[in-house]
Amino acid sequence: MYKNEEDKIAYAKKYYQEHREESLKKTREWKRNNRERNRFLSRRSYRRARNLFIEMYGGKCICCGESIVEFLSLHHVKGQIGKKKQSARAAYSEASKKYSPEKFEILCHNCNQAIGYSGYCPHERRQRNV
Ligand SMILES: [Zn+2]
Ligand SMILES: [Zn+2]
């Protein structure tokens with residue numbers, strides 16, 4: 001038994017630190033030994049999340065109707081102003097976990113770029129005859 005609470009806490013801390021180091025080291029080693037595999041796995045999971053996202057959100061650009069998967073990308077409906085910029089990977093995985101059309105939509109790279117750059121897409125103007 002421990003003499004007092006402090007000893008117990010100190011021991012738990014020490015145990016945690018020792019084992020944390022150990023498991024970090026193992027993870028590092030695994031990564032070093034499996035670099036190729038790791039890259040493959042992460043690429044695959046990225047592609048999966050992306051494909052799932054495109055499937056869930058209608059499979060085409062909401063602006064121009066582009067449906068070639070390679071041309072499509074995720075668009076944040078309300079933008080990302082004031083927020084920490086989300087990586088594409090994180091965005092795809094969040095969007096594909098839960099269908100949230102109020103947060104995400106599909107735009108092709110052209111429309112996405114145009115909206116990001118000028119705040120509107122030229123397609124929209126053409127449709128409304130502006
Ligand atoms: Zn488009
Ligand atoms: Zn467009």
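Where is the place of E105? The answer is strand β2.

1. The mean pLDDT of the protein chain is 90. In all, 93% of its residues reach 70 or more. Strand β2, residues 104-108, has the highest confidence, at a mean of 96. Helix α5, residues 122-128, has the lowest, at 75. Where pLDDT is low, predicted coordinates should not be read in detail.

2. Elements. The protein chain has 5 helices and 2 strands. Read along the sequence, the pattern is α-α-β-α-β-α-α.

3. Overall shape. The radius of gyration of the protein chain is 23 Å. A compact globule of 130 residues would have a value near 14 Å. The C-alpha trace spans about 80 × 35 × 25 Å along its principal axes. Buried residues make up 17% of the 130 residues. Now take the contacts with a separation of 6 or more. Of these, 71% are between residues 24 or more positions apart.

4. Helix α1. This helix covers residues 5-33. How many of its 29 residues are buried? The number is 0, so α1 lies largely in the open. Its length also checks out. At 1.5 Å a residue, α1 should span 42 Å, and its end C-alpha atoms are 42 Å apart, so the two values agree.

5. The strand pair. Do β1 and β2 pair in the parallel or the antiparallel sense? They pair in the antiparallel sense, over 5 bridges. L72 stands opposite C108 in β2. L74 stands opposite I106 in β2. Both strands are well covered. In β1, 4 of the 5 residues are buried. In β2, 4 of the 5 residues are buried as well, so β2 is largely enclosed by the rest of the structure.

6. The nonpolar core. The largest nonpolar core has 17 residues. Which residues have the most contacts inside it? They are F53, C61, L74 and I106. Helix α2 (35-56), strand β1 (72-76), helix α3 (88-97) and strand β2 each supply at least two residues of this core. Strand β2 gives the most, with 4 residues.

7. L74 in detail. Leave out residues up to four places away in sequence. L74 then touches F53, A88, A91, Y92, A95, F104 and I106. Two of these names, F53 and I106, are also among the residues with the most contacts inside the core. I106 is the residue that L74 stands opposite in β2.

8. R50. This residue is found in helix α2. Is R50 buried or exposed? R50 counts as buried, because 21 C-beta neighbours lie inside 10 Å and the cut-off for burial is 20 or more. R50 and L74 are 24 residues apart along the chain, and their C-alpha atoms are separated by 8.5 Å.

9. Back to E105. This residue of strand β2 is partly exposed, with 18 other C-beta atoms within 10 Å. Which residues does E105 contact, leaving aside its neighbours within four places in sequence? E105 is in contact with Y57, I62, H75 and V77. K85 is 20 residues away from E105 along the chain, and their C-alpha atoms are separated by 17 Å. In a regular strand the side chains alternate between the two faces of the sheet.

Methods: Residues numbered from 1 in each chain as written. Chains lettered and ligands numbered in written order. pLDDT = per-residue confidence, 0-100. Core = buried A, V, L, I, M, F, W, Y, C linked by C-beta atoms within 7 Å. Buried ≥ 20, exposed ≤ 12 C-beta atoms within 10 Å, placed from the backbone. Contact = placed C-beta atoms within 7 Å. Rg over C-alpha atoms; globule rule 2.2 N^0.38 Å. Expected span 1.5 Å × (residues − 1). Pairing = 2+ DSSP bridges.
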